Amino acid sequence: MKINSAFWAVFLISGLSMVTWGCFNELPHKEEAISVKHYPVVENNEAGNASLFLKVQFSHQEGTEEWEEIPINAINGFNYEMGYDYVINIRKKEAYNEATDDYYTTYTYLSEESKEMVSPNITFELPLKSPDFQPATLAFGNVELGYKMLGEIPIECSTLCDDLEISLETESEVFGIFRHDENNTIKLIQLK
């Protein structure tokens with residue numbers, strides 16, 4: 001029985017097409033170590049609302065001052081605690097959202113290489129009110145009930161609580177200098 005060359009050509013093209021389609025259909029992923037800063041930052045999310053983000057440095061940024069922001073809960077399985085600088089291993093994978101016809105990145109926590117508590121003297125700056133964000137006031141609360149950054153992170157303002165309240169009511173932009181306090185609380189040490 002003789003099989004003609006046309007059959008082999010169709011068979012070969014079909015096989016190559018399946019292999020090629022399988023390769024194109026798989027979305028890329030990568031495992032890497034990333035650094036995570038000891039404090040979150042405020043950025044606008046996709047909907048244009050102010051949200052908390054992690055400052056992370058991916059492997060291609062190592063040794064530079066370049067950092068990226070990703071949503072604070074974007075790394076599945078990662079139990080982030082403020083006040084610690086981390087180096088963690090993650091799996092970074094491209095995913096496709098059919099509803100929006102767009103690609104996005106997912107992150108999965110794999111392991112922790114290091115978790116180092118920062119010095120109690122380390123300070124960092126966060127916006128408390130800014131027209132760049134929606135809502136503009138990012139410190140929710142009042143003197144009696146206390147304040148929380150975006151309703152999530154307790155702010156210990158002690159002797160600055162009255163000044164904070166006045167600044168939030170009268171200024172268009174308010175920034176705070178903070179230190180880490182106990183139990184994922186941030187301590188306001190100066191208003192700007």
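Modeller: A contact here means that heavy atoms lie within 4.5 Å. The structure is a predicted model.

Biologist: Which residues does Glu113 touch, leaving out those up to four places away in sequence?

Modeller: Glu113 touches Ala33, Val87, Ile88 and Asn89. Glu113 itself sits in strand S7, which covers residues 102-117.

Biologist: How far apart are Glu113 and Ala33 in sequence and in space?

Modeller: They are 80 residues apart in sequence, and their C-alpha atoms are 8.2 Å apart. The contact cut-off of 4.5 Å applies to heavy atoms.

Biologist: What makes the pair Glu113 and Asn89 a polar contact?

Modeller: The two side chains come to 3.4 Å. A polar contact needs N or O atoms within 3.5 Å, with one able to donate a hydrogen and the other to accept it. The value of 3.4 Å is within 3.5 Å, so the pair counts as a polar contact.

Biologist: Why is the link of Cys157 and Cys161 called a disulfide?

Modeller: Their sulfur atoms are 1.8 Å apart. The cut-off is 2.5 Å, therefore the pair qualifies. The structure holds one disulfide. This link is right-handed, with 95° about the S-S bond.

Biologist: Are these two cysteines buried or exposed, and how do you know?

Modeller: Buried means under 20% relative accessible area. Cys157 has 3%, so Cys157 is buried. Cys161 has 13%, which is also under 20%, so Cys161 is buried as well.

Biologist: Which residues touch the most other members of the largest nonpolar core?

Modeller: Val36, Ile75, Leu128, Met149 and Ile155 do, in a core of 42 residues. Strand S3, residues 50-57, gives the largest share of this core, with five residues.

Biologist: What does the protein chain look like as a whole, in helices and strands?

Modeller: The chain has two helices and 13 strands. Of its 192 residues, 32% are buried. Among contacts with a separation of 6 or more, 56% come from residues 24 or more positions apart.

Biologist: How much accessible surface does the chain have, and what share belongs to carbon and sulfur atoms?

Modeller: The surface comes to about 12200 Å², and carbon and sulfur atoms account for 50% of that area.

Definitions and conventions. Residues are numbered from 1 along each chain as its sequence is written. This is a predicted model: local features need pLDDT of at least 70, side-chain atom pairs count only at pLDDT 80 or more; totals for chains, interfaces and linings use all residues. Side-chain values use heavy atoms; hydrogens and water are left out. Helices (H or I, at least four residues) and strands (E, at least two) are DSSP runs, numbered from the N terminus. Buried means under 20% relative accessible area, exposed over 50%, partly exposed in between (1.4 Å probe, protein chains only). Accessible areas come from the Shrake-Rupley method with a 1.4 Å probe; for residues, only the protein chains shown count as cover. A nonpolar core is a set of buried Ala, Val, Leu, Ile, Met, Phe, Trp, Tyr and Cys residues joined through side-chain atoms within 4.5 Å.
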